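Here's a quick tour for anyone meeting this structure for the first time. Have a look at the sequence and the 3D view, then read on.

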Amino acid sequence: MRFLFLAVVALAIAIGGGAWSASVMLERFEGAGSLDVGPWQADRLAGSPAADPYSKARLARDGNLTLGLAEGMAFRAVVDSERRALRRECTYRIAGTLPPARVWTLSAFDGAGRPILERDRPSWLTSQNLMRDDENEAPVLVSARPQPGNWLAVSGTGGFVLALTLYDTPASTAGGATDVSMPSIERTGCAVDG
């Protein structure tokens, strides 16, 4: 009887400890193909057969579809260029050089991965319908308040995630990922402290 009790305790510790450590790795491990450029992060290998087991498990858990290596690359940002958490109460200016791509999209999500929808406004922008300045750049303002020029509307309060997805880009290749430039995310105003 004592042997059976010890076996059950050992199994409970092994299964519980294994589940806990896998959960921690899913939350904290960015992936073997992780690429960090300023506030932007991407897992270049996430949609490929070469993705690490934790990336595959994370995608299966979240139910997200990812781009394959030949299709493009998705960057996400949860902080601005000064490493402050993105907040919907603030206004941000996204400007600067992007890697070459056939087309790109910019969208905002809440912490659970749901799009932040603003009434009568699209929850995303595409590179093909933006206003460009004299230097052929298309800075974007992200704000809950109406903004001139290219405006990505957000609503509500609290943190959010910016997603910049590049389609058909050389940045998704091993050689192209070595020298990637990404736009800055500058906070230009905020209705709250912090």
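A disulfide here is a pair of cysteine sulfur atoms within 2.5 Å. By that rule there is one disulfide, and it joins C90 to C190 with the sulfur atoms 1.8 Å apart. Before going further, note that this is a predicted model, where local features need pLDDT of at least 70, side-chain atom pairs count only at pLDDT 80 or more, and totals for chains, interfaces and linings use all residues. Residues are numbered from 1 along each chain as its sequence is written, and side-chain values use heavy atoms, with hydrogens and water left out.

**The disulfide**

- A disulfide is a covalent bond between the sulfur atoms of two cysteines.
- Strands (E, at least two residues) and helices (H or I, at least four) are DSSP runs, numbered from the N terminus.
- C90 is buried because its relative accessibility is 1%, while C190 is partly exposed, at 29%. Buried means under 20% relative accessible area, exposed means over 50%, and partly exposed is in between (1.4 Å probe, protein chains only).

**The nonpolar core**

- A nonpolar core is a set of buried Ala, Val, Leu, Ile, Met, Phe, Trp, Tyr and Cys residues joined through side-chain atoms within 4.5 Å.
- The largest such core has 30 residues, and W40, F75, L106, V142 and L162 have the most contacts inside it.
- Two or more residues of this core come from each of β1 (34-37), β2 (40-43), β3 (72-77), β4 (90-95), β5 (103-109), β7 (140-143) and β9 (161-167).
- Take W40 as an example: leaving out residues up to four places away in sequence, W40 touches L35, F75, R76, A77, I94, L106, L162, L164, M182, P183 and I185. Contact means heavy atoms within 4.5 Å.

**Strands and sheets**

- Four strands make an open sheet in the order β8-β7-β4-β10, with mixed pairing. Two strands pair if DSSP finds at least two bridges between them.
- At the edges of this sheet are β8 (150-153) and β10 (184-190), each pairing on one side only.
- From one strand to the next, the twist averages 25°. Axes for this are lines fitted to C-alpha atoms (for helices, over the stretch in contact), and angles run from 0 to 180 degrees between N-to-C directions.
- β4 and β7 run antiparallel and are joined by three bridges; R93 has L141 in β7 as its bridge partner.
- β9 is mostly covered, with six of its seven residues buried.
- β9 pairs antiparallel with β3 over six bridges, and G72 has Y167 in β9 as its bridge partner.
- β9 also pairs antiparallel with β5, over seven bridges, and T105 stands opposite T165 in β9.

**Two buried loop residues**

- F160 lies in the loop between β8 and β9, and it counts as buried because its relative accessible area is 4%.
- Which residues does F160 contact, leaving aside its neighbours within four places in sequence? They are A77, V78, L86, R87, R88, Y92, A108, F109, I116 and V142.
- F160 and R88 are 72 residues apart in sequence, yet 6.6 Å apart in space, C-alpha to C-alpha.
- S127 is in the loop between β6 (124-126) and β7, and is buried at 10% relative accessibility. Not counting residues up to four places away in sequence, S127 touches V103, W104 and R132.

**Salt bridges**

- Side chains of opposite charge can pair when their charged atoms come close.
- With a salt bridge taken as a side-chain nitrogen of Lys or Arg within 4 Å of a carboxyl oxygen of Asp or Glu, the count is five.
- D168 and R102 meet at 2.8 Å, N to O. This pair links distant parts of the chain: D168 is in the loop between β9 and β10, R102 in the loop between β4 and β5, 66 residues apart.
- D168 is partly exposed at 37%, whereas R102 is exposed at 64%.
- R87 and E89 form a salt bridge at 3.1 Å, N to O; R87 is partly exposed at 27%, and E89 is buried at 18%.
- R114 pairs with D110, with the closest N and O atoms 3.1 Å apart. R114 is exposed at 53%, while D110 is buried at 12%.
- D80, E82 and R84 are linked in a salt-bridge network.
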